[in-house]
Amino acid sequence: MPMFVMLSLSLQQGDVVEGYRLTWHWQTYIEGIRTYDEQIIRSLGYGLAACLLQLAIGYPMAYWIAFHGGSRKSSYLFLLLLPFFVSFVLRTISWHFVLADDGIVLGTLKGFGLLPEDFHVLATTGAVIGGLAYNFLPFMVLPLYVALERIDPALIEASYDLYASRVQAFLRVIFPLSLPGAFAGVLMTFVPASSDYVNSSVLGGTHNTMIGNVIQNQYLVAQDYPIAAALSFTLMALLLVGIFLYARALGTEDVLEASAR
Amino acid sequence: MTTLSGTEPATKRRPRRLTGSRLLHIHTWLVIGWLCLPIAVMILFGFNDTKSRFNTTWQGFTFKWYGRLFEIEDLTKALGNSLLIGLLTTLIAGMLGTLIGIALGRYRFRGQGALNVVLFAAISCAEIVIGAALLSLFITMNVPLGFWTILVAHVMFCIPFVSLTVRARVLTLDPALEEAARDLGAGTWTTFRLVTLPMIFPAVLSGGLLAFALSIDDFIITNFTAGSTITFPLWIWGSTKAGSPPQVNVMGTLIFVAGVALAVLNALYARRRRA
């Protein structure tokens, strides 16, 4: 099965390092992590920030579509997926264009004197996190929606019958039942967000490089394969530990189901 | 004051409920607006009558870029590559993914749990890691990078998505139908062709469409495995420093419109089948 090949491939990545040097040169790992610790921490931080932002934006949206969407639920979900019909790179570049210093938004506001001339959004941390949140938002909303949709309305009514207030019903019934969806959403957005390098290089300027930028640069420009492989292996190990802890704790069904939709 | 607060919640309850859901409604539409904003800008600036290569300020409405769509040779070639790779990926990943999906949905076999974990890992794995792993493999095996390595990579990351879509459908099928076909004298292949395949076809179709969409959109894995071959997303990436020409917006718009049209047709088709 091709998927087994894939698994062995990702394992072979470690071998490339050793094969290259022909010695168990763990030094490369230490060196790589030490040199780029700033980018590694920044990537995890940006990924986390984008995740929380998406949770804050996506949860109310998923809630509303699941409970108040009525017969037009699928239309709303379709609207949610519209950005996926435009290439990922093109979407990000479009944001670059919208947010450019003299672009249509900032340029106009500056023209009316509403913003100072030197105000800019691009090349800031906020722009990168915003871009990440934008690009992966549907991956957060869909699993949340699936989890919320699946809640039996009778459970919520039962909580009202037992004199729960609306807030209590939400906190004690709806929210705990939606947690698997939230975890699936966090996983599906945190992984691509923290390893992305498109947003940080298009929207982030030179001071917001993430570990993805380093890996891409080492592989494709500097061609220093050992260090690049060591770094991507480290990234994979960090993410895999999270993924398998997640799979052990909550099972794989939710994510598989959500991605099958 | 105390008497008021005693009666207020009961009378105010209804309107407050309404405003809460209305707020959420507005929030939902704001988010949808946010999601659509860059797309709208992209489409709009495909109609921009720009004089220079830089497509940054609005200079009037024109259709001329639609007429001069294929003027940039490299870009046209990149789009052609993307479409061809997408088509081949759809066919190959569609076929292999369907087989895995049927196997997972219908049979119990050794290593099934492991296969589930691998599919899960492949979907939740970071793209950059897949790309880097593939590149490492290609380098150690001395495979020249180009069209074929892109194709192999795309087939690989599309298979899990197809097989999961198919598996979901297979799980809903009644195995008695296939047994009935076999009782009526149909061989394994005939059963598959005349009974199983037509029943899972909607899932195969949507899995294939998904694979096509993923393939044509993919940037990160392609970036790692492409060598000097250029696809549509790679070309756009390369053009960012110089400012992308309006043809990019037009092509993006056309892909967007075609994608939406296909998705709507697919949904209508599914609804008619269900009805």
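**Where the two chains meet**

Reply: Across the interface of chain B and chain A, the rule finds 8 residue pairs in polar contact, both at pLDDT 80 or more. A polar contact is a pair of N or O atoms within 3.5 Å; within protein, one must be able to donate a hydrogen and the other to accept it, and residues adjacent in sequence count only if both atoms are side-chain atoms. This is a predicted model, where local features need pLDDT of at least 70, side-chain atom pairs count only at pLDDT 80 or more, and totals for chains, interfaces and linings use all residues. Residues are numbered from 1 along each chain as its sequence is written, chains are lettered from A and ligands numbered from 1 in the order in which they are written, and side-chain values use heavy atoms, leaving out hydrogens and water.

Me: Why is the pairing of A:Arg91 and B:Asp217 called a salt bridge?

Reply: The term needs a side-chain nitrogen of Lys or Arg within 4 Å of a carboxyl oxygen of Asp or Glu. The two side chains meet at 3.9 Å, N to O, so the pair qualifies.

Me: How many residues make the contact?

Reply: Chain B gives 72 residues and chain A gives 71, with contact meaning heavy atoms within 4.5 Å.

Me: What is the area buried between chain B and chain A?

Reply: About 6600 Å², with 82% from carbon and sulfur atoms. Buried area is the accessible area (1.4 Å probe) that two parts lose on being put together, summed over both. In chain B, B:Trp34, B:Leu35 and B:Phe120 lose the most to chain A, together 11% of what that side buries.
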